[in-house]
2 protein chains.
Amino acid sequence: MKPSLIRMHQLYLYVVLLTLALSSIAAKADPLPSWNETETKTAIINFVKSVTNSEADTFVPQEDRIAVFDNDGTLWAEKPVYFQFMFAIDRLQAMADEDPSVLSSDVLKAAARNDMETVVQSGKAGLLEIVAATHSNLSVDAFQAEAGDWLASATHPDTGMVYSDMIFQPMLELLSYLRDEGFTTYIVSGGGVHFIRAFSESAYNVPSNQVIGSTGKSHYEVMDGKPTVMKDPGIAFIDDKEGKPVAIDTHIGKRPILAGGNSDGDFQMLEWTTAGEGPRLGLIVHHTDSEREWAYDRESHIGTLDRGLDEAEQRGWVVIDMAADWEQVWPQSP
Amino acid sequence: MKPSLIRMHQLYLYVVLLTLALSSIAAKADPLPSWNETETKTAIINFVKSVTNSEADTFVPQEDRIAVFDNDGTLWAEKPVYFQFMFAIDRLQAMADEDPSVLSSDVLKAAARNDMETVVQSGKAGLLEIVAATHSNLSVDAFQAEAGDWLASATHPDTGMVYSDMIFQPMLELLSYLRDEGFTTYIVSGGGVHFIRAFSESAYNVPSNQVIGSTGKSHYEVMDGKPTVMKDPGIAFIDDKEGKPVAIDTHIGKRPILAGGNSDGDFQMLEWTTAGEGPRLGLIVHHTDSEREWAYDRESHIGTLDRGLDEAEQRGWVVIDMAADWEQVWPQSP
């Protein structure tokens with residue numbers, strides 16, 4: 001070899017070695033800096049170490065490292081009501097401004113004048129009517145553009161924060177840590193799949209194909225020569241409670257090894273996940289922080305957590321105490 | 001550095017360089033060796049080059065390189081009838097041997113005695129009845145184990161080949177080539193998702209979460225203390241024709257840039273895929289090979305290809321002429 005070639009190769013070698021050294025330093029940094037040094041953090045890190053240690057009999061190959069997370073109340077806030085419902089109300093009011101005839105029932109009229117008492121009294125049927133009126137008769141693309149605009153501009157009535165900022169920093173770190181350790185992270189939410197996809201990539205780094213949610217009816221049509229998937233009124237699938245394991249089976253086709261939720265709507269997902277063989281982790285975000293977020297559980301209409309609290313200990317699920325376990329709640333100060 | 005350390009580092013450097021050199025040679029080898037050197041092969045390779053060339057304005061980033069393929073007639077054979085239906089008949093007969101009372105209707109009795117004329121005359125309702133009887137009241141895990149056993153042992157009435165060997169070697173190469181070029185390859189089939197997943201990973205290297213298919217009803221239940229997803233009678237979703245774009249939207253959430261099919265059941269999937277902006281590729285496997293496989297199109301009840309043949313040219317879809325374009329059909333000689 002010519003001397004110049006030898007020098008080039010040496011340089012190349014040093015770059016390779018430096019890269020290896022830096023990546024080994026990075027791996028040792030705290031993967032969960034917004035988590036306090038509590039038993040909860042230790043339990044999570046120990047679980048991840050146990051399934052990624054190829055020497056241990058708890059090792060899980062990368063293709064089976066599937067982690068599923070609820071969205072509302074688990075990855076972002078859900079008070080005073082699910083943010084998707086706030087979007088539906090805002091959209092209904094905007095639609096009514098353009099064409100008052102969309103307010104074709106008492107519950108729609110009540111929603112448009114912000115009479116939430118009447119809306120709540122109308123029960124599930126009323127809520128579904130509001131969702132149907134605001135989530136149909138437009139293309140998926142148009143709907144996701146609307147939802148994306150709203151998420152980036154509308155502000156929360158209590159915090160004044162933009163909704164897409166009301167995600168939990170510790171959970172962002174957990175998602176990222178899991179992915180760094182070879183997990184595939186899915187969202188499995190009772191919320192609408194198209195609504196969540198409007199922000200899941202930018203907020204959580206979760207691509208659209210890893211978002212599972214409730215679905216409305218839809219159909220394919222060539223409109224003015226343009227092939228389009230249109231959203232229709234009516235519910236196709238409710239991804240909640242017993243529906244979550246069914247949706248995971250349909251969509252992923254494998255039982256996860258880690259499930260995170262915050263309400264009894266996630267109970268069956270955690271039950272199914274943690275009943276599998278080998279190491280399993282069930283996580284419940286317990287909203288205990290009335291200062292920085294909200295404090296609620298058994299008595300709350302949104303995000304009711306009752307059976308999960310009763311049975312977490314005997315099932316070995318880790319309950320995240322938001323006030324005690326999280327050093328920081330939001331990515332940015334409100 | 002000690003001389004021994006320098007030698008070690010030099011050795012390491014040579015290994016790195018050798019690896020780079022070998023991978024560069026491998027990249028230049030023919031990615032589609034079972035395809036004859038025809039315009040079809042050129043069109044496929046040119047498309048892949050156009051979307052992977054980061055200098056070109058046709059470049060598509062890796063996360064958007066989504067390719068979808070029909071299964072029956074596209075990735076494996078489908079004659080004389082869909083193999084899943086052959087499985088259903090075999091399973092029905094095995095079930096009837098154990099308990100004759102499962103044959104609760106005329107069409108089930110006809111199917112059990114191989115009277116296919118009566119079965120065919122019963123139309124779609126009869127076929128669905130046979131599928132419902134053989135694809136329900138067991139867990140997903142148990143069903144997939146049964147299907148996997150059948151696929152690996154039952155043999156085709158004409159070829160004598162095991163069903164899971166009746167996959168198309170050129171399509172295996174295409175799937176593998178696309179993945180090597182950063183594509184994610186999905187199966188989008190009218191067949192049942194649980195049936196396909198019983199062999200998709202081993203046959204096609206397509207993991208369960210990249211299999212989209214028709215779905216039966218199912219439910220989650222804790223049986224004898226064991227959380228289980230159970231298959232129920234009844235259809236939840238038919239992933240065919242207009243259903244394919246809808247299923248792709250629900251499951252992937254993005255429009256593919258490449259779609260491959262073989263029948264008019266794939267028409268809408270190709271139409272939607274190729275109507276998007278930027279480079280798009282639609283592929284139709286035309287069964288023209290009565291020697292090595294089968295020859296059929298417009299008049300066939302299974303895999304009818306009529307509108308697709310009429311419109312392929314004007315839509316710029318590439319029609320694969322099996323007899324002319326494929327140097328080899330099966331992975332192994334029958």
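This is a predicted model: local features need pLDDT of at least 70, side-chain atom pairs count only at pLDDT 80 or more; totals for chains, interfaces and linings use all residues.

User: Nice. How many bridges do β4(B) and β5(B) pair over, and is it parallel or antiparallel?
Analyst: They pair over 8 bridges, in the antiparallel sense. Strand β4 covers residues 211-223 of chain B, and β5 covers residues 226-237 of chain B. For a pair to click on, B:Tyr220 has B:Val229 in β5(B) as its bridge partner.

User: And what about β3(B) and β4(B), parallel or antiparallel?
Analyst: Those two run parallel, joined by 3 bridges, with β3 spanning residues 184-192 of chain B. Look for B:Gly192, whose bridge partner in β4(B) is B:Ser214.

User: Switching to chain A: which residues of α7(A) are buried?
Analyst: They are A:Val140, A:Phe143, A:Gln144, A:Ala147, A:Trp150 and A:Leu151. Seen down the helix axis, the buried residues fall within an arc of 125°, so they line one face of α7(A).

User: What's exposed on the other side of α7(A)?
Analyst: A:Asp149 and A:Ser153 are exposed there.

User: What covers the buried residues of α7(A)?
Analyst: The cover includes α3, β2, α9, β4 and β5 of chain A, together with α11 (243-251) of chain B.

User: Last one: how many residues does α7(A) have, and how far does it reach?
Analyst: Helix α7(A) has 14 residues, 140-153, and reaches 20 Å from first C-alpha to last, close to the 20 Å expected at 1.5 Å a residue.

Notes. Residues are numbered from 1 along each chain as its sequence is written. Chains are lettered from A and ligands numbered from 1 in the order in which they are written. Two strands pair if DSSP finds at least two bridges between them. Helices (H or I, at least four residues) and strands (E, at least two) are DSSP runs, numbered from the N terminus. The expected span of a helix is 1.5 Å times one less than its number of residues. A residue is buried if 20 or more other C-beta atoms lie within 10 Å of its own, exposed if 12 or fewer, and partly exposed in between; C-beta atoms are placed from the backbone. The arc is that of the directions from the helix axis to the C-beta atoms. Two residues are in contact if their C-beta atoms, placed from the backbone, lie within 7 Å.
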